[in-house]
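Dear colleague,

I am passing the structure on to you below, together with its sequence. My notes on what was found in it follow directly after.

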Amino acid sequence: MAARDAARRAGPARHRPAPADKLYEEEEDDALPDSDTLPDSDDEVELDKPRPIQIVLAHEDDHNFELDESALEKILLQEHIKDLNIVVVSVAGAFRKGKSFLLDFMLRYMYNRTSPCWIGGNNEPLTGFTWRGGCERETTGIQIWSEVFVIDKPNGTKVAVLLMDTQGAFDSQSTIKDCATVFALSTMTSSVQVYNLSQNIQEDDLQHLQLFTEYGRLAMEEIYQKPFQTLMFLIRDWSYPYEHAYGLEGGRKFLEKRLQVKQNQHEELQNVRKHIHSCFSNLGCFLLPHPGLKVATNPNFDGRLNDIDEDFKNELRNLVPLLLAPENLVEKEISGSKVTCRDLVEYFKAYIKIYQGEELPHPKSMLQATAEANNLAAVAGAKDLYNKGMEQVCGGDKPYIAPSDLEQKHQDFRESAIRQFRSVKKMGGEEFCRRYQEQLEVEIDEIYANFVKHNDGKNIFYAARTPATLFAVMFAMYIISGLTGFLGMNSIAALCNLVLGMALISFCTWAYVKYSGEFREVGTAIDQIAEAIWEQVLKPMSDNLMEDHMRQSVKNSIKAGLTEQVAHHARLKTD
């Protein structure tokens with residue numbers, strides 16, 4: 001700490017970021033280390049050498065994110081800043097669009113903000129957050145700069161300024177959930193979110209912004225106002241300065257045109273724009289020209305100003321102070337209260353737990369969401385066909401139908417419903433659609449079970465099963481009680497009288513429930529008990545009695561037949 005304070009007193013030049021080869025002595029070609037190899041112990045996170053520190057680790061195997069709490073606390077809980085209000089400037093957007101490149105110019109400004117030539121020398125390589133040319137992603141998870149800048153605002157208050165870099169969206173290794181989580185986390189924790197776009201604001205950019213911000217808003221608790229603060233659309237490689245000039249004013253006019261809600265717009269387009277306006281307290285846009293062909297095509301480009309077009313450098317001189325000049329700093333607020341560095345640590349911990357859990361719905365790609373809606377619509381149509389067919393057979397006003405006939409109708413309509421589901425053109429592929437067919441079959445079986453109960457209710461004998469069972473119990477208990485009382489078995493007689501009384505009370509209660517419609521749960525319980533008595537006791541007894549009766553009848557018939565034959569033979573002999 002003492003060494004860092006001494007360096008701060010020595011002047012801003014001493015704070016210039018070290019070259020990348022010194023920041024990562026064990027790395028090759030400035031490549032950002034994987035999350036598994038980033039420093040995660042207290043000894044390894046050294047703050048004396050300013051450098052990017054990864055605080056949200058991306059695990060590609062299970063597509064989950066982990067917060068490096070010790071690294072975050074080491075940076076934000078330093079004595080001289082932990083109680084200061086914090087300003088968090090984050091840059092987010094698609095991968096390989098120059099987010100880290102832009103942040104390094106912000107670092108130059110922060111280290112040389114008192115100098116009119118803060119942008120640096122013409123032959124000075126650009127260092128800080130790791131970046132490189134090419135088509136493969138560089139940053140994973142979320143990184144912050146290890147040095148938090150203490151700035152005096154014009155009103156005399158001190159604030160802490162933190163710069164944040166985020167994993168680019170829509171690379172070949174990230175799911176929609178990964179992209180939404182990173183964007184949402186950075187938006188929830190930043191006071192200024194720079195939405196880095198290329199060449200234009202297209203409709204899919206706005207739709208992705210709507211998805212990502214809604215994913216963030218879901219994770220926040222009660223919201224009575226706009227949940228997020230400042231969103232700055234940064235349009236890189238702007239090619240139409242003749243329509244809208246480079247810079248903030250041209251961007252403002254362009255953004256107004258893009259986010260305008262018109263009466264003749266489709267409802268979907270209106271909703272996207274209304275959602276964006278409802279999420280952010282302040283919206284801005286800055287149009288930035290292309291940095292030049294040398295930047296885009298030279299594999300050895302290292303950020304020297306000599307290789308960058310003059311128009312880009314001029315607009316960069318306007319953009320960075322617009323975000324980071326003391327008079328323009330936006331302090332982080334949550335629910336109307338300003339957030340300190342200490343508070344931000346706790347918010348990070350709370351938010352990452354939410355995204356690690358299963359409380360939130362998983363964002364889906366447009367294809368997956370459309371395929372799900374398409375298959376669900378096919379399931380609903382097939383179920384409707386089955387329902388209509390079964391209603392014609394045993395609906396509300398239809399008479400009782402034999403269970404075997406009802407099951408046959410069920411099988412016919414079930415096959416018809418599945419045939420209709422298969423005949424509908426659906427997205428997602430055969431395996432994806434098979435899951436929804438299985439879901440349809442399960443739901444049809446559940447509907448059939450309800451139709452069976454409804455049909456049984458129309459059977460007068462089924463409806464009379466409960467009172468008949470209770471009467472049988474009362475009659476049996478009355479007879480047994482009388483016999484046991486006559487034989488002096490008073491304890492058994494008393495038990496039978498108790499069961500008789502309970503059966504009588506149950507019958508009266510059941511009759512009241514059926515008449516009044518009240519206490520339906522009690523009536524259902526009595527029906528279930530009577531059903532159990534019928535199935536377990538009375539039905540087996542009646543079946544046994546019927547079987548004995550049938551056996552005795554057969555014996556009597558055979559005996560009578562044999563007797564008649566013997567008598568007939570006797571008469572023949574006599575004759």
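A search of the whole structure finds zero disulfides, a disulfide being a pair of cysteine sulfur atoms within 2.5 Å. Of the cysteines, cysteine 285 is buried at 1% relative accessibility and cysteine 496 is buried at 7%, where buried stands for under 20% relative accessible area, exposed for over 50% and partly exposed for what lies in between (1.4 Å probe, protein chains only).

Please bear in mind that this is a predicted model, in which local features need pLDDT of at least 70 and side-chain atom pairs count only at pLDDT 80 or more, while totals for chains, interfaces and linings use all residues. Residues are numbered from 1 along each chain as its sequence is written, and side-chain values use heavy atoms, with hydrogens and water left out.

Isoleucine 142 belongs to strand E4 (residues 142-145), strands being DSSP runs of at least two residues (E) and helices runs of at least four (H or I), numbered from the N terminus.

Beyond its neighbours within four places in sequence, threonine 340 is in contact with Lys82, Asp83, Leu84, Asn85 and Ile86.

How values were computed. Contact means heavy atoms within 4.5 Å.
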